[in-house]
Amino acid sequence: MYKNILVPIALGHTSKTAAALDVAKTLLDEGGKVTALSVIEAVPSYIRSYLPEGQEEKSYRDVREALEKELAGTESVIPVVVTGHPGREILDYAQKHQVDCIVIASHRPGMQDYFLGSTAAWVVRHTPCAVHVVR
Ligand code: ADP
């Protein structure tokens with residue numbers, strides 16, 4: 001059904017990640033691609049100056065490694081890590097890379113009382129492409 005699917009992944013939402021990747025695989029056309037995107041929340045500039053040197057690079061490496069671990073066993077999912085506001089970065093990536101569907105979990109595990117978490121709600125509200133929400 002789709003050629004270029006984006007699956008935003010919040011590390012620590014492991015049970016939801018597996019479900020979202022399964023849905024992406026089902027919706028993907030033959031020859032299409034799936035990208036897994038994790039966004040590191042940007043540290044405000046007034047705090048950045050207090051961080052030890054190299055801390056941001058270390059965080060990037062740690063997140064990249066954790067994402068690759070979460071994706072272990074899933075064939076041909078491309079891992080991408082960026083820094084910024086999660087909702088905005090997901091939208092930005094989708095627009096820049098002509099993503100035709102975003103598969104996103106509805107909220108963090110254990111928060112079933114909420115219909116949509118904050119990032120999921122942002123993506124559903126603002127994205128111009130199709131969005132599949134995994135409950
Ligand atoms: P909650 O507000 O309950 O934490 P969220 O809307 O933040 O719920 O999380 C729902 C889904 O949004 C996650 O499972 C993931 O797909 C996506 N998401 C949230 N934060 C990030 C992030 N930093 N990077 C990538 N995806 C994210």
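Proline 109 touches His13, Ser15 and Lys16, residues up to four places away in sequence not being counted. The model in which these contacts occur is a predicted one. Proline 109 sits in the loop between β4 and α5. Its relative accessible area is 34%, so proline 109 is partly exposed. Valine 99 lies 10 residues from proline 109 along the chain.

Arginine 108 and proline 86 are 22 residues apart along the chain. A distance of 14 Å separates their C-alpha atoms.

The overall architecture was examined next. The chain contains 5 helices and 5 strands. Read from the N terminus, the order of elements is β-α-β-α-α-β-α-β-α-β. The chain has a radius of gyration of 15 Å, close to the 14 Å that the globule rule gives for 135 residues, so the chain is as compact as a globular protein of that length. The C-alpha trace spans about 45 × 30 × 30 Å along its principal axes.

Of its 135 residues, 37% count as buried. Among contacts with a separation of 6 or more, 75% are made by residues 24 or more positions apart. The accessible surface amounts to about 8,200 Å². Carbon and sulfur atoms account for 52% of that surface. As for charge, the chain carries 14 positive and 16 negative side chains. The centres of these two sets lie 4 Å apart.

Strand β1 covers residues 2-8. Of its 7 residues, 6 are buried, so β1 is largely enclosed by the rest of the structure. Strand β2 comprises residues 28-41. β1 and β2 run parallel and are joined by 6 bridges. In one of the pairings between them, asparagine 4 has lysine 33 of β2 as its bridge partner.

Valine 7 is a residue of strand β1. With a relative accessible area of 0%, valine 7 is buried; the cut-off for this class is under 20%. Histidine 132 is 125 residues from valine 7 in sequence. In space, the two residues are 9.7 Å apart, C-alpha to C-alpha.

Two threonines were examined in turn. Threonine 17 is part of helix α1, which comprises residues 14-27. Its relative accessible area is 5%, and threonine 17 is therefore buried. Threonine 17 touches Ile9, Ala10 and Glu70, leaving out residues up to four places away in sequence.

Threonine 127 occupies the loop between α5 (118-126) and β5 (130-134). Despite this loop position, threonine 127 counts as buried, at 11% relative accessibility. Beyond its neighbours within four places in sequence, threonine 127 is in contact with Leu91 and Ile102.

Glutamine 98 is also a loop residue, placed between α4 (86-96) and β4 (101-105). Its relative accessibility is 61%, so glutamine 98 counts as exposed. The backbone at glutamine 98 has a positive phi of about 50°, although glutamine 98 is not a glycine.

Technical notes
Residues are numbered from 1 along each chain as its sequence is written. This is a predicted model: local features need pLDDT of at least 70, side-chain atom pairs count only at pLDDT 80 or more; totals for chains, interfaces and linings use all residues. Side-chain values use heavy atoms; hydrogens and water are left out. Helices (H or I, at least four residues) and strands (E, at least two) are DSSP runs, numbered from the N terminus. The radius of gyration is taken over C-alpha atoms; the globule rule is 2.2 Å times the number of residues to the power 0.38. Buried means under 20% relative accessible area, exposed over 50%, partly exposed in between (1.4 Å probe, protein chains only). Contact means heavy atoms within 4.5 Å. Accessible areas come from the Shrake-Rupley method with a 1.4 Å probe; for residues, only the protein chains shown count as cover. Lys and Arg count as positive and Asp and Glu as negative; His and the chain ends are not counted. The place of a charge is taken as NZ of Lys, CZ of Arg, CG of Asp or CD of Glu. Two strands pair if DSSP finds at least two bridges between them.
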